[in-house]
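Subject: Structure handover and findings

Dear colleague,

I am passing on the structure we spoke about, and I would be glad if you could look through it alongside the notes in this email.

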Amino acid sequence: MTIAIMCSGGDCAGMNPAIKSFVDYSYEKGITPYFIYEGFEGLIDGKIKKAKHENVAGIIHLGGTIIKTSRSKRFYEKKYREQAYDNLQKHNINKIVVLGGNGSFEGLNVFSKEYDISFVGVPSTIDNDIYSSDYSLGVDTSLNIIKSALDDIRDTSSSFKRAFVVETMGRDSGYLAIVSAITSGAEICVVPEIEVDFNSLEKRLKKELKNGRSYILAIVAEGTNKTDTLAKWIEEKLDIETRTVSLGHIQRGGNPSVFDRLMANEFVTLSIDKLLTENTKSVIIYKNSSFQYKQIEELSDKTPTINPFLLKQLEKMIK
Ligand code: F6P
């Protein structure tokens, strides 16, 4: 029996530990593991190779993905999906573990409706925006990177009596910004999920500045596009010198945290178990501290939500 693994979309820390677990566990189960390199692009171009233990030696601590990834436009076209299927056939592969996000799972869903393909999607995106999953691979490492950056920014911010507006990634999701704001004790957090009450914020912060507050830390989710607007608002309304920092792609790299490594191992082991027992088209999610499989249709077109407790904590900060 054969099985393949691929990455698709934005890379994240945790992919390499997942790839290592995939190879180790496949051999343990007596199945032959394959790598599909460069995501859907590599699948179309036939970049598929048998995976060996030696390929995954010494990768568990590395960020990114040794099998590379891509965002493929060609895979939207039927003729390229047909080419991709022919490439899989050459290696007798019809079971795939895909590390990616919503777009990648949808791509495989279309593919698996056209051809005899089973797959399990493993949520792997720093955006943490897979519907019904509390967690995606890479999120923990990313949050720790943001935490370190905010701790450093606080040092310089407090030395000067300045405000810093820090932009986090996350596409349309404010998850990274919200958790970072709560765990870093930020004063302001602007995310797509909840409107800020700027009038009450102005009153509160003016009072605090009058009473000796010496700096302000604000977090903005990239999906709001409000980083510069907020910096201007702080300077004008609160009369405090302001700098902006966009953390950018450093949030996606780095040595995977212990939690991401452990979760990578569990996600992949359970995905292989599922593929060995049934013809499935599913995504493995992590909800309320346990793993569940969701049929891909259950996730399609659903808007991801953020834990209500986190939103409540956020509301206290910005309302
Ligand atoms: O989906 C992961 C992510 O890092 C988003 O947070 C961000 O908006 C996007 O990818 C950036 O994409 P790219 O790496 O193509 O610039």
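What follows covers the sheet, the nonpolar cores and the aromatic contacts, in that order.

Please keep in mind throughout that this is a predicted model.

The sheet is open and has seven strands, arranged in the order E3-E2-E1-E4-E5-E10-E11 with mixed pairing. Its edges are formed by strand E3 (48–50) and by E11, each of which pairs on one side only, and the twist from one strand to the next averages 25°. At the E3 end, strand E2 (residues 32–36) pairs with E3 in the antiparallel sense over three bridges, and Phe35 there stands opposite Lys49 in E3. Helix H4 (residues 102–114) lies across strand E4 (95–100), E5 and E10, and runs at about 175° to E5.

Turning to the nonpolar cores, the largest has 76 residues, and those with the most contacts inside it are Ile19, Val97, Leu99, Leu137, Ile188, Leu230 and Ile234. If neighbours within four places in sequence are left aside, Leu230 is in contact with Val165, Ile188, Val190, Phe198, Ala218 and Val220. Another core, of 27 residues, lies apart from the largest one and includes Ala4, Tyr34, Ile48 and Phe111.

As for the aromatic residues, a search of the whole structure finds 11 aromatic pairs. One of them joins Tyr135 and Tyr286 edge-to-face, at 6.3 Å centre to centre and with 80° between the planes. Because Tyr135 lies in the loop between strand E5 (118–123) and helix H5 (139–160), while Tyr286 lies in strand E10 (residues 281–287), this pair ties together parts that are 151 residues apart in sequence. Tyr135 counts as buried at 6% relative accessibility, and Tyr286 also counts as buried, at 15%.

The rings of Phe267 and Phe291 have centres 5.5 Å apart and planes at 80°, so that pair is edge-to-face. With Phe267 in helix H9 (residues 258–277) and Phe291 in strand E11 (residues 290–295), the pair ties together parts that are 24 residues apart in sequence. Phe267 is buried, at 0% relative accessibility, whereas Phe291 is partly exposed, with a relative accessible area of 22%.

Elsewhere, ring pairs link Phe40, Phe75, Tyr85, Phe111 and Tyr115 into a cluster. Two arginines also sit over rings: the charged end of Arg74 is over the ring of Tyr80, 5.1 Å from its centre, and Arg162 lies over the face of Phe160, at 3.8 Å from the ring centre.

With best wishes

Key
Residues numbered from 1 in each chain as written. Predicted model: local features only at pLDDT ≥ 70, side-chain atom pairs only at ≥ 80, totals over all residues. Heavy atoms only, no water. Phe/Tyr/Trp six-rings, centres within 6.5 Å; stacked < 30°, edge-to-face > 60°. Helix = DSSP H or I, 4+ residues; strand = E, 2+ residues; numbered from the N terminus. Buried < 20%, exposed > 50% of the residue type's maximum accessible area, 1.4 Å probe, protein only. Lys NZ or Arg CZ within 6 Å of the ring centre and 35° of its normal. Core = buried A, V, L, I, M, F, W, Y, C linked by side-chain atoms within 4.5 Å. Contact = heavy atoms within 4.5 Å. Pairing = 2+ DSSP bridges. Axes fitted to C-alpha atoms, helices over the stretch in contact; angles between N-to-C directions.
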